[in-house]
Amino acid sequence: MRQKQVVITLLIAFSLLSLVLKAQTIPKGNRVLNPKEQSLIKIAASTAKGNLSKLRSELNTALDAGLTVNQIKEAIVHIYAYAGFPRSLRGLQTFMAVLDDRKSKGIVDATGPEASPINNDSSKYNRGKAVLEKLTGVPETGPKTGYAAFAPTIEIFLKEHLFADIFERDVLTYAERELITVSVLSSIGGVEPMLQSHLKICLNVGLTVDQLHQFTTVIQSAVGDREAIAAQKVLDEILNGKQKVQHVDTAKTDMDMVFPKGEKVTNNNFTGQVWVNYLLATDTVHNVNIGSVTFEPGARTNWHYHKGGQILLVTGGRGLYQEKGKPVEVIERGEVIKCPPNKEHWHGATPTESMTHISIGTNVNIGGAVWLKPVTDEEYHRGQKH
């Protein structure tokens, strides 16, 4: 028995060393979890575990880090969908006590904006379906399988309530909600298939591999070694599988490309790696210019506009398009986008997939593109919730 305990202890020690080394090898400049994101993870973990004394401490830290009262309330409300009403309600009661205590000490915490009204005439089921498609990047088509076929009622509840009523609320971004979700799932344990699904969603909504490795170290400090090791194991399985799939997909994409990638862009009008193949320049007969543009995952244009307008023909992959003042749209192979003249917009790849489109500059006798400021990481990743 003693020998078995020693072996288990050594296995845990080696696993913890692996977690520490992964956290230490994040290159400088790569995105890391900011203090607010780390606080959301720790609040979710403490609430899910029912460790209210630790939760009090994490709530104070979160408020000091700049999270608003409404953001924290929203996080604890979100938790009930994964850990149940009792845990969520106790979390809210603890938060009320923390706020009263801080108020008695003269601390004024920012309330923050409340959720915007949902102005959408679609049914809750269709709204939830659309949100889930954006989260996973997978179309919700075809016959239901698994639990959805076995118990159709719960599939309806998930679409109408979890992904419409909860995920649609804009107090938190999709990325923040997913960090809360994977924190709860890691903390309660025994739900590896769900944890795997939501870690994949984390990548799809813009969280980086380095941030997810860091996530497991935050879980270690929040709830313990075993939970962190279990979460890291699921994450490693996803990343090992993703590397194999990406290798195959990249080869297929290169074979399927309509035009060669062209030259790598070196100017300051784009973020990330972009290639342009100029296909046709305007002349005295044809009042257009045409180019094929390939964006690697995460790459995008700056904000810009075209004096004569622009048409985009998506020929490969999956990307994003946004006009100023409007939500981000997901654009896919076979879609046509008409960019109005003088309308600020940007377009590019998703965080996890490349995208190629044919860009047609129209009415170029009026004028071409006018380049503006870069699309910030915050703007780009905030767009994933739309």
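**Ground rules.** I'm working with a predicted model, where local features need pLDDT of at least 70, side-chain atom pairs count only at pLDDT 80 or more, and totals for chains, interfaces and linings use all residues. Residues are numbered from 1 along each chain as its sequence is written, and side-chain values use heavy atoms, with hydrogens and water left out. My helix and strand labels are DSSP runs numbered from the N terminus (helices are H or I with at least four residues, strands are E with at least two).

**Entry 1: α2 and α3.** I started with helix α2 (residues 35–49) and helix α3 (residues 52–65), which pack at about 160° with axes 9 Å apart. Here axes are lines fitted to C-alpha atoms over the stretch in contact, and angles run from 0 to 180 degrees between N-to-C directions. The crossing of α2 and α3 is left-handed, as the near helix is turned anticlockwise from the far one by less than a right angle; clockwise would be right-handed.

Next I listed who makes the contact (heavy atoms within 4.5 Å). From α2 I noted Pro35, Lys36, Ser39, Lys42, Ile43, Ser46 and Thr47, and from α3 Lys54, Leu55, Glu58, Leu59, Thr61, Ala62 and Ala65. Sorted by class, that contact has six nonpolar, four polar and four charged residues. For the classes, Ala, Val, Leu, Ile, Met, Phe, Trp, Tyr, Cys and Pro count as nonpolar, Asp, Glu, Lys and Arg as charged, and the others, Gly among them, as polar.

**Entry 2: α9 and α10.** Then I turned to helix α9 (residues 174–188) and helix α10 (residues 192–204), which pack at about 155° with axes 9 Å apart. Their crossing is left-handed. On the α9 side I found Glu178, Thr181, Val182, Leu185 and Ser186 in the contact, and on the α10 side Met194, Leu195, His198, Leu199, Ile201 and Cys202. These split into seven nonpolar, three polar and one charged.

**Entry 3: strand β11.** How many of the residues of β11 are buried? I got eight of eight for this strand (residues 355–362), where buried means under 20% relative accessible area, exposed over 50% and partly exposed in between (1.4 Å probe, protein chains only). Met355, His357, Ser359 and Gly361 point one way, while Thr356, Ile358, Ile360 and Thr362 point the other.

I then checked its partners; two strands pair if DSSP finds at least two bridges between them. Strand β4 (residues 288–295) pairs with β11 in the antiparallel sense over eight bridges, and phenylalanine 295 has methionine 355 as its bridge partner. Strand β7 (residues 310–323) also runs antiparallel to β11, joined by seven bridges, with glutamine 310 opposite glycine 361.

**Entry 4: β7 and β8.** I followed β7 on to strand β8 (residues 329–332), an antiparallel pairing over four bridges. Tyrosine 321 sits opposite glutamate 329 there. Five residues lie between the strands of this hairpin, and glycine 325 takes a positive phi near 85°.

Entry 5: Serine 88 is in helix α5 (residues 85–104), and I count it as buried because its relative accessibility is 3%. Beyond its neighbours within four places in sequence, serine 88 touches Thr47, Ile76, Val77 and Tyr80. Serine 123 lies in the loop between α5 and α6 (124–136) and is partly exposed at 37%.
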